[in-house]
Amino acid sequence: MKYIKCFISEIPWNYSWYYSAMSLVESQSEDRQSEEQVRYLQANSRELNSTFGYPNNTIKTSRYSVFNFLPLNLFEQFQRLANAYFLILLFLQLIPQISPLAWYTTVIPLMVVLSITAVKDAIDDVKRHQNDNHVNNRSVLVVMNGRIKEDKWMNIQVGDIIKLKNNQPVTADVLLLSSSEPYGLTYIETAELDGETNLKVKQSISITSNLEDNLGLLSAFDGKVRCESPNNKLDKFTGILTFKGKNYTLDHDKLLLRGCIIRNTDWCYGLVIYTGPDTKLMQNCGKSTFKRTHMDHLLNVLVLWIFLFLGGMCFILAIGHGIWENKKGYYFQDFLPWEEYVSSSVVSAILTFWSYFIILNTMVPISLYVSVEIIRLGNSCYINWDRKMYYAPKNTPAQARTTTLNEELGQVKYVFSDKTGTLTQNIMIFNKCSINGIIYGCGYDKNGQKVKVSEETEKVDFSYNKLADPKFSFYDNTLVEAMKKGDHWVHLFFLSLSLCHTVMSEEKVEGKLVYQAQSPDEGALVTAARNFGFVFRSRTSETIIVVEMGETKVYQLLAILDFSNVRKRMSVIVRTPEDRVMLFCKGADTILCQLLHPSCRSLRDVTMEHLDDFAFEGLRTLMVAYREVDNAFYQAWSKKHSEACLSLENREDKMSYVYGEMEKDLMLLGATAIEDKLQDGVPETITILNKAKIKIWVLTGDKQETAVNVAYACNIFEEEMDGIFIVEGKNDETVRQELRLARNKMKPESLLESDPVNTYLNTKPQMPFRIPEEVPNGNYGLIINGYSLAYALEGNLELELLRTVCMCKGVICCRMTPLQKAQVVELMKRYKKVVTLAIGDGANDVSMIKAAHIGVGITGQEGMQAMLNSDYAISQFHYLQRLLLVHGRWSYNRMCKFLSYFFYKNFAFTLMHFWYAFFSGFSAQTVYDTWFITFYNLVYTSLPVLSLSLFDQDVNETWSLRFPELYDPGQHNLYFNKKEFVKCLVRGIYSSFVLFFIPMRTIHNSMDSDGKEISDYQSFSLIVQTALLCVVTVQIALDTTYWTLISHIFTWGSLGFYFCILFLLYSDGLCLMFPNVFQFLGVARNTLNLPQMWLIIILSVVLCILPVIGYRFLKPLFWPADVDKIMNRIHLWTRHPLLPPTQTKLRHRRPRRSAYAFSHKQGFGALITSGKTMKDKVFKKNNFPFKK
């Protein structure tokens, strides 16, 4: 057979239409630009390249520097309206004419709040700087002046020529010049870019591949490159290399991107094109943004409301003061003279307005934000300390990398997840097989009974095979026994697996084989054949060497009928040592069933039953078949094949026709079942999250078949679904029709003009606007590829896309670029009032993680970039249910209880001044002792509310996970919103009214037993503040549902501490030593002995608390929410434990799905048969003597 040796650029690679179409769309959009930007550079000419101002290779993920930290951090902090409010208040307190309080009462708390937040932000940013420095200071080899020099990554500049070695990450985006492999080939892994672990190949152009590793030639290389400006398109690169007066076309097949790993290549040289922030990896990373929770935004709105309410009260009191001064104060100046700067009652009223503004500032005390930070820090520590989220194999605990988003974890509605390395372990395992109608791979105990395979199940002993892979596990000894007995069909089956593939083999140490496969599936199949006695040892362009049960045999490779997405199969034609021509084929069952010989019908039916069983278990399947070919037929076919290869017109069609002539009348051998091993607990986790009404979307760069198969295995898709829609349109109109057809089936009325959402959208609301939830008539799923998504994300289709996908229970987006992942998340954030969470483990997930409200990084197989850019880091996907349903829900509930109680107690505290103003001539006099004002939020009520916010649990973690429905209130923000805030305000007004007027009317004109009057200001002040403290303490006791020893100490101890410190502050000694500071001499001793005081306290507590108790008792009875019903069930089960009902798992027969185990787009067949992957020196070096 004649072999054609040509460069890859000349081989008709059938790349998927997705990538070519994406390039077309992008080129059309760029053509619309008025001016195209172009990058110019010259190799080995730093002086020339520096004139263009290209950045160096330094990357920066940190937000601050030493110089901008203070102003930038303060700017971010003062975006909190409350901080700005306190700053204004500080300036007002510096004016002595209006300030009844000292300036330091605001400065010190404000400085503490700003400092705590700044220190926390600084620590977070220092960690980012450390990571940046670690990456930037990696070493790389640079060609300079005929020598190899070691330098740091950050010092690499555009135009440098660098040397990369095997298993080394690529430093920058470089143009491949030459490599250790023939014809300038270089193998790479792109897991950090697109999530795929498939082995990919790049090739340099012929003129530079001749440079090889000659340092003299490389240093003298002065080629000039003109290429496109930096962009985020991973699959697109266009440029022209000019060298020795000739131009050479450049494309993305010749570009090694930063983030790739060199594999199976000893060394390669590359010309740096893009550096640092210009690299495609960094262009896809997105910007670091300051994330703020929905609660922060709500607090800003509420602070504005309070500010207006406060202004209104101050205005009313100022008017009251003006009226009082005009009618009474003006004539009372002999006793209360006006200050010199007060010329009239109007001036006095204006000054009083600002005085009351300062006095009533406790409506929003600055301690609110100190407490919020402490609560968030405490809940973050719980996440860090949770041993149930500690992953022992990697010694990695869960990590809250931010302390500002904890309560947001309890409000998540949409989870956007990567697939490879996040849902799966990225490990393919040969799980089962069917050979000649017999299933192998089930586990059996010592009595021969079938058992479920687990870690305790005894593994097959492969010690008899010296070339076996020690990491391979199998649990069915019957297959090994069949091998040893010489079962013809079993031998032929594994011979097929050892020959029909494009795997590369390395054997640097004799007997230690390392396989480099295009996809992990192929590697798993060849490894399985290796362990069962058919060891693929090495290959050339014309031979394959296999060790069969210890005997070395050489097969002549006649042809490879390569895999493609269209064919969904691959075949090899070999000549056996016995001079027989054999074809071995493996592929999707939907394809191979049509190619089988009629005599295989009964075996086919049995095998298809086995495939159904494999599909039910979520395994990836392939059918295996063979055909013995007559030598004369092969010779005639070979001529047709050569003519088709040389054809310039309709080459692909002719090749397909020729392949079809050979791949027919196949004899079925069996089927393989590979497990794309999921992470532990993934299906159960997704089921629980779905019960919590959290929708899971999978955004992956992998192919559709693989993603869909994993979706079924993970329970994102279910067989009971009413329908699954596939959007694969190749233009915007087709995509629109597909989306509308899907919406028509899910909710037909959504297409009518009378539909409320359509009516709302037809009004053309101004941005930002929110699209309300739409409820479909069943459970549906949707699959969309990256190409169609590119059209759907356009402005005129994005709302169609969003409305359709939001009605689906599960969504799979495949073949996506990193930027598209972020765009989908941003689309959801823009039009839906929901909390989004993105979870991934690779650099290709960073932009998505940064775009979501909450980013979760998994420390997985694809590096640390996702974790380092995340808000929370976990080691396993199944920890997500605990992060959300336990820590997230507790944090949300605690924060809501804290805010409700905090606003209530401060409204009740502050509004007493308002009522008192009507009895003090609106003179801006405080109703409380100054020390009580100082200690109220700082000491008396701080510990009880912190105890509530750090330790409270409505139900324990077991019930939280058993009833995911308890998560629902957080998604709708039911526990603290504007309505709940108004309730707090009304309760505060009512309580302050009761707490003021009950003591006022009780002690009015009252006398002690000795006949002395007790209605003095100091006694009244003490009674009011004591009653207030008792009421808010009983209120927080009612709010507490989980009592601990600390809760009791903090709650009742704070009240006891108040009475203790009361006698100290009002003691004779302090009052005599500092009469200007401690003025309530003997008040505590006299007032606490009054029976009227205790009557007031009891009456006030009853009147303030009774309505709350009544509401909480009646609401579940007459207006029960779903959560109330669940809580009743929990309380019932707690009192009367019942065994949970045994759930029988019904087995539903899944419709057969083609889950063929190829995860690459195009095979290496043309490369192998062309001989380009081979080197004579390699064969000589690895030519170990075979034992026969």
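The legends below describe close-up views of a predicted model. Local features need pLDDT of at least 70 and side-chain atom pairs pLDDT 80 or more, while totals for chains, interfaces and linings use all residues. Residues are numbered from 1 along each chain as its sequence is written, and side-chain values use heavy atoms, with hydrogens and water left out.

**View 1. The second largest pocket holds about 1,900 Å³ of space.** A pocket is an open set of points on a 1 Å grid over the protein atoms alone where a 1.4 Å probe fits, with protein on both sides within 12 Å along at least five of seven lines; lining residues have an atom within 4 Å of a point. Of its 46 lining residues, Y975, Y1111, R1112, K1115 and D1124 are the closest to the centre. Helix 39 (1091-1118) is among the elements that give two or more residues to the lining, and its share of 10 residues is the largest. Helices are DSSP runs (H or I, at least four residues) and strands likewise (E, at least two), numbered from the N terminus. By class, the lining has 22 nonpolar, 10 polar and 14 charged residues.

**View 2. The largest nonpolar core has 99 residues.** Such a core is a set of buried Ala, Val, Leu, Ile, Met, Phe, Trp, Tyr and Cys residues joined through side-chain atoms within 4.5 Å; buried means under 20% relative accessible area, exposed over 50%, and partly exposed in between (1.4 Å probe, protein chains only). L368, F898, L899, F903, F976 and L1028 touch the most other members. Helix 29 gives the most to this core, with 18 residues. Leaving aside residues up to four places away in sequence, F903 has contacts (heavy atoms within 4.5 Å) with L299, I306, M363, L368, F976, F981 and C984.

**View 3. Helix 25 (residues 798-806) is largely enclosed by the rest of the structure, because 8 of its 9 residues are buried.** Charged residues E798, E800 and R803 are among those buried.

**View 4. N431 lies in strand 16 (residues 424-435).** Its side chain makes a polar contact of 3.0 Å with the side chain of E675, and one of 3.5 Å joins the side chains of N431 and K432. A polar contact is a pair of N or O atoms within 3.5 Å, one able to donate a hydrogen and the other to accept it; residues adjacent in sequence count only if both atoms are side-chain atoms.

**View 5. N145 has a positive phi, near 55 degrees.** N145 sits in the loop between strand 2 (139-144) and strand 3 (147-152). At 76% relative accessibility, N145 counts as exposed.

Conventions:
Points joined across faces, edges and corners; volume = space filled by probe spheres on them.
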